[in-house]
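Work through the exercises below with the coordinates at hand, and try each task before reading its solution.

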Amino acid sequence: MRREFTGKDMAMILVAGFGIVIAVNFYMASVAVGGFGGVVVENSYVASQKYNGWLSEAREADKLGYSAQLERDADGRLLVSTQSVPQSALLSAELRRPLGQPDDRAMTFEQVSGGRYVSTDALPSGRWIARLSIEAGESRWVDEVEVP
């Protein structure tokens with residue numbers, strides 16, 4: 001014997017369907033917020049006002065002719081090979097994870113031979129973005145690279 005399909009049945013189907021959609025939306029929103037490491041700039045208006053200054057600094061840094069290649073050794077230390085950089089230059093890096101929970105760290109480097117630097121600390125495995133900074137006297141050169 002068949003039971004009659006009533007308004008209560010339809011209401012239950014609608015409530016269950018919308019309940020599933022709402023639950024999935026809340027889950028996806030929590031995953032999205034949990035994987036977002038923060039803002040790129042605190043105030044986009046202020047950043048837009050500084051943009052031309054950043055461009056001129058980048059042009060000045062390009063005129064220096066410096067270049068750097070980054071690699072990671074088996075111990076997790078970062079190795080940087082530089083070209084056209086003065087011997088007295090100081091090298092440092094700010095590292096951040098591009099995905100997942102925010103994890104920022106600063107690294108210092110020691111010069112091991114002409115144009116080659118090694119980090120004083122090991123870097124945990126995983127994906128990292130490094131902002132390399134080379135300072136020699138009054139000049140400053142900055143580049144951002146992904147750590148291999």
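**Exercise 1.** Classify Arg-97 as buried or exposed, or in between, and find its charged partner.

Solution. Arg-97 has a relative accessibility of 24% and so counts as partly exposed, where buried means under 20% relative accessible area, exposed over 50%, and partly exposed in between (1.4 Å probe, protein chains only). Its side chain meets that of Asp-103 in a salt bridge at 3.6 Å, N to O, a salt bridge being a side-chain nitrogen of Lys or Arg within 4 Å of a carboxyl oxygen of Asp or Glu. Asp-103 is likewise partly exposed, at 22%.

The model is predicted, so local features need pLDDT of at least 70 and side-chain atom pairs count only at pLDDT 80 or more, whereas totals for chains, interfaces and linings use all residues. Residues are numbered from 1 along each chain as its sequence is written, and side-chain values use heavy atoms, with hydrogens and water left out.

**Exercise 2.** Which parts does the salt bridge between Arg-131 and Glu-144 tie together?

Solution. The two side chains meet at 2.7 Å, N to O. Arg-131 lies in strand 6 (residues 129-136) and Glu-144 in strand 7 (residues 139-146), so the pair ties together parts that are 13 residues apart in sequence; strands here are DSSP runs (E, at least two residues), numbered from the N terminus. Arg-131 is partly exposed at 43%, and Glu-144 at 34%. Finally, Arg-96 joins Arg-131 and Glu-144 in a network of salt bridges.

**Exercise 3.** How many salt bridges does the rule give?

Solution. The count comes to eight, including the one between Arg-140 and Glu-135 at 3.5 Å, N to O.

Conventions. Helices (H or I, at least four residues) and strands (E, at least two) are DSSP runs, numbered from the N terminus.
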